[in-house]
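Trainee: I have a new structure open. Please show me how to read its features, one at a time.

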Amino acid sequence: MFKHGHHGHGHGHGQPAAGARILFASYGGLDITQKVQHMFNTHHNVHIGPAEYVRHFGDPAPGEFKDFVVLAVDGANKCFCHIAADNQPTNISMGAQNSSPRTAPAHGSEILAANYGGVDVTAQCRDMFNHKGSLQFDRSLNDMFGDTLPGVAKVLAVVFKTTKGPTPHRAGTYWSEAEKPNLTRDGHQARGMPGHHHHQHQHCPQPTPVFHHPMPHQPAHNSRGMPGHHHHHHQAPPPTTGPRVLFASYGGSDVTHHVQGMYNSHRGKLSIAGGQYTTHFSDPFPGQLKDFVVMTVDNGNNSQVHVAAENSPTHIDGSAAQHSTPHHGPPPHASEIIQANYGGADVTAKCKELFNRRHGLRFDRSMNDTFGDPLPGVSKRLAIIYMTKSGNIPHRACAHYGESDKPHIPHQH
C-alpha cells in the first residue's frame with residue numbers, strides 16, 4: 001500500500017527499482033503522463049501533498065472534484081494503479097506496490113480516458129460505452145486490446161465523469177487483466193459481476209465536503225506552478241445565451257472549462273500572447289506543434305471558430321461580431337482524428353468512425369442530419385482537430401466548416 005502523508009515534491013532517497021516506470025497519468029481526465037514521468041525520473045518518486053495537484057498540473061475542470069490516476073509498473077514487474085482524490089496525498093516509490101482499494105460501484109456519464117498497460121484505449125472504451133450504455137467486455141482484456149506488455153500483469157485504468165453524489169466529479173477506476181470490467185452509465189441498472197469498484201470520493205456522503213481548496217487569498221496555479229487565470233473554485237456554469245465559449249482545445253486536449261472560466265472572468269474577452277499557451281494549460285505533447293482552438297457564439301448569435309498556432313496570439317472579444325479564422329493553404333490531410341465538436345456538442349466518435357471506415361472524412365448528408373441540431377437558431381460550425389505531417393514533422397492542427405459546407409479531409413498515409 002501507499003503511505004499517505006503530507007509530502008511536498010522533493011528528491012527521493014535511492015534509485016527506482018529496475019524496470020519500474022510510469023505508464024500513464026491523468027488528473028481530472030487531462031493526460032499528464034509526460035509530466036509525471038519527468039517527476040518520477042528526476043526524483044525517483046512521486047510525492048504530492050493534498051490540494052497540490054492544481055499547482056503541478058493546472059485545473060482541467062474548475063469547481064469539479066477530480067481524481068489523480070497513475071498507472072505504473074513496480075519493481076516486481078507488476079502493473080498497478082494508484083488513485084487519489086484531490087484532497088489526498090500521493091506517495092509513490094517504486095518498490096513492490098498494490099493498487100489503491102476500490103470501495104464504491106462505478107457509474108459514469110462519460111469516458112474521459114482509458115489506458116491498458118501503457119496503451120491508449122480511450123476510443124475503444126468510449127465507443128463501447130456510448131453504444132452499449134456500459135463498459136462490459138465479452139472477451140479478455142488481452143483479446144480486446146492486445147498484449148501491450150508481454151510478461152507483465154497488466155491493469156486497465158479508466159477515467160470517467162460521473163453525476164453520482166451531490167456534485168459532478170471526475171473519478172478513476174481500474175481492473176486487472178483477469179477481471180471483467182463493469183462501468184455502467186449513470187441512471188442505468190448495473191449488470192454483470194459485482195465488486196469491481198472505483199475509488200470512492202470522501203465528499204459524497206458528507207453533509208460538509210471534506211475537499212479543501214486553496215483559501216480565497218491564495219492564487220490558483222497553472223501547470224508550471226505560476227499564478228494563472230483560474231481563480232474560480234466554485235465557478236458558475238457558463239451562460240447558455242449571448243456571447244459564450246462552447247468548446248476549446250489545446251493540442252487535442254480539452255480545455256473548455258478552463259477557457260470558459262478565463263472568458264467569463266474577463267467579461268467576454270480572451271487574450272493570450274503567442275508562445276504563452278503552456279503558461280495557461282498543460283502541454284499535452286511536448287515537442288510537437290499544436291493549435292489552440294476556441295469555438296464561440298458571438299453577439300450576433302453566430303458560432304465562430306478561432307484557431308491559433310502556439311506561436312500566434314489569441315484575441316477574442318465577445319461583445320463584437322466575430323469572424324472565424326480563415327483557412328490557409330491546401331485542403332487538410334490527416335492521419336488521425338483527435339477531436340471534433342459541432343456547435344458545442346462532442347462529435348468525436350462519429351467523425352472517427354466515418355474517417356476510419358471511409359479512409360477520410362466526408363459527409364453524404366448535411367451536418368444537422370449527421371449530428372443533430374445542438375443549437376437551434378444559431379449558425380453553427382464544425383471544428384476538427386487532427387494529426388498531420390508537414391514534411392517529416394508531425395503536428396496537431398484544426399480545420400473548421402460552416403454547417404452548409406461539405407468537409408473533406410483525406411487520409412494521409
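**Burial, salt bridges and a pocket**

Mentor: Lys154 is buried, with a relative accessible area of 3%. Buried means under 20% relative accessible area, exposed over 50%, partly exposed in between (1.4 Å probe, protein chains only). This is a predicted model: local features need pLDDT of at least 70, side-chain atom pairs count only at pLDDT 80 or more, and totals for chains, interfaces and linings use all residues. Residues are numbered from 1 along each chain as its sequence is written, and side-chain values use heavy atoms, with hydrogens and water left out.

Trainee: Which side chain meets Lys154 in a salt bridge?

Mentor: A salt bridge is a side-chain nitrogen of Lys or Arg within 4 Å of a carboxyl oxygen of Asp or Glu. Here the partner of Lys154 is Asp147, at 2.8 Å from N to O. Asp147 is partly exposed, with a relative accessible area of 41%.

Trainee: How many salt bridges does the structure hold?

Mentor: It holds 13. One of them joins Arg170 to Glu64, with the closest N and O atoms 2.9 Å apart. This pair links distant parts of the chain, 106 residues apart. Arg170 is in strand 13 (residues 169-176), and Glu64 is in the loop between helix 2 (53-57) and strand 4 (65-73). Helices (H or I, at least four residues) and strands (E, at least two) are DSSP runs, numbered from the N terminus.

Trainee: Are Arg170 and Glu64 buried or exposed?

Mentor: Both are buried. Along with Lys161, they are linked in a network of salt bridges.

Trainee: What does the side chain of Glu403 meet in a salt bridge?

Mentor: The side chain of Lys380, at 3.6 Å from N to O. This pair also links distant parts of the chain, 23 residues apart. Glu403 is partly exposed, at 29% relative accessible area. Lys380 is buried, at 3%.

Trainee: How much space lies in the largest pocket?

Mentor: A pocket is an open set of points on a 1 Å grid over the protein atoms alone, where a 1.4 Å probe fits, with protein on both sides within 12 Å along at least five of seven lines. Its volume is the space filled by probe spheres set on the points, which are joined across faces, edges and corners. Here that is about 1,400 Å³. Lining residues have an atom within 4 Å of a point. There are 50, and the closest to the pocket's centre are Leu112, Arg126, Gly252, Asp254 and Gln339.
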